[in-house]
Amino acid sequence: MNTSRPRGPGRPVLTRTDGAPLRVLVVDDDPDLAEVLSGALRYDGWEARTAGDGVSAVAAARELLPDAIVLDVMLPDTDGFAVLRSLRAVRPDVCVLFLTARDAVEDRIAGITAGGDDYVTKPFSLEEVVARLRGLLRRAGMARQLADGPRLTVGDLVMDEEAREVTRGGELVELSPTEFELLRFLMRNPRRVLSKAQILDRVWSYDFGGQAHVVELYISYLRKKVDAGRPPMIHTVRGAGYVLKPVAR
């Protein structure tokens, strides 16, 4: 197996459609192979987990809810085809890439017949596995390529300025145009206290004069969307303004 790193500096990042990392479950009874493969996928930007047998694979799939599974045909407690049937009950639309022995033509046929999406033969290159998975998810419409435009990141809050998308902890945050501009101003000035006058001038282009309630209103809107059910990032500094800070760990 070729264990060279699969992603060069020019390879574009691929994510789920909501901007979160793609999730993959690697199932193989060889722990070294599984760890090398999952490490290569993490390097490519995936959230990867491993399992060494069919029972643990199904349990891991229930917890991870993967977008793709790399599945060895030969497992110690069952075969990959039986595992696939169980996994489809958990994730009906999951993409499955089978790993088979080089000369096991019948395994390749059985894998595709059983509902697998593709296969690679051992020994394989990490580059090939990563490329196959990326292709599968793009064709299935389960992934998107991040634009090369600027991205702002504060803690687990990420803004893709070109796509005009915001995620927190990998979850999409739906914002109105004004909310987006307000959050962008805050994210471009993390840990800096911004006065209501500064915010009005930058976001609304108003001269400060009795419009403070507009800022207060939109800050409250943002809090309901960005901070709801999570540790707060948007803070009020009494008598001074507002500040966006990453959550302390």
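Analyst: pLDDT is the predictor's confidence in each residue, from 0 to 100. The chain averages a pLDDT of 83, and 84% of the residues score at least 70. This is a predicted model, in which local features need pLDDT of at least 70 and side-chain atom pairs count only at pLDDT 80 or more, while totals for chains, interfaces and linings use all residues. Residues are numbered from 1 along each chain as its sequence is written, and side-chain values use heavy atoms, with hydrogens and water left out.

The sheet is open and has 4 strands in the order β8-β9-β10-β11, paired antiparallel. Strands (E, at least two residues) and helices (H or I, at least four) are DSSP runs numbered from the N terminus; two strands pair if DSSP finds at least two bridges between them. β8 (151-154) and β11 (171-173) are the edge strands with a single partner each, so one side of each has no neighbour in the sheet. β8 pairs with β9 (residues 157-160) over 4 bridges, and R151 has D160 in β9 as its bridge partner.

β10 also holds R168, which forms a salt bridge with D227, the closest N and O atoms being 3.0 Å apart. A salt bridge here is a side-chain nitrogen of Lys or Arg within 4 Å of a carboxyl oxygen of Asp or Glu. D227 belongs to helix α8 (residues 212-227), 59 residues from R168 in the chain. Both R168 and D227 are buried, where buried means under 20% relative accessible area, exposed over 50%, and partly exposed in between (1.4 Å probe, protein chains only).
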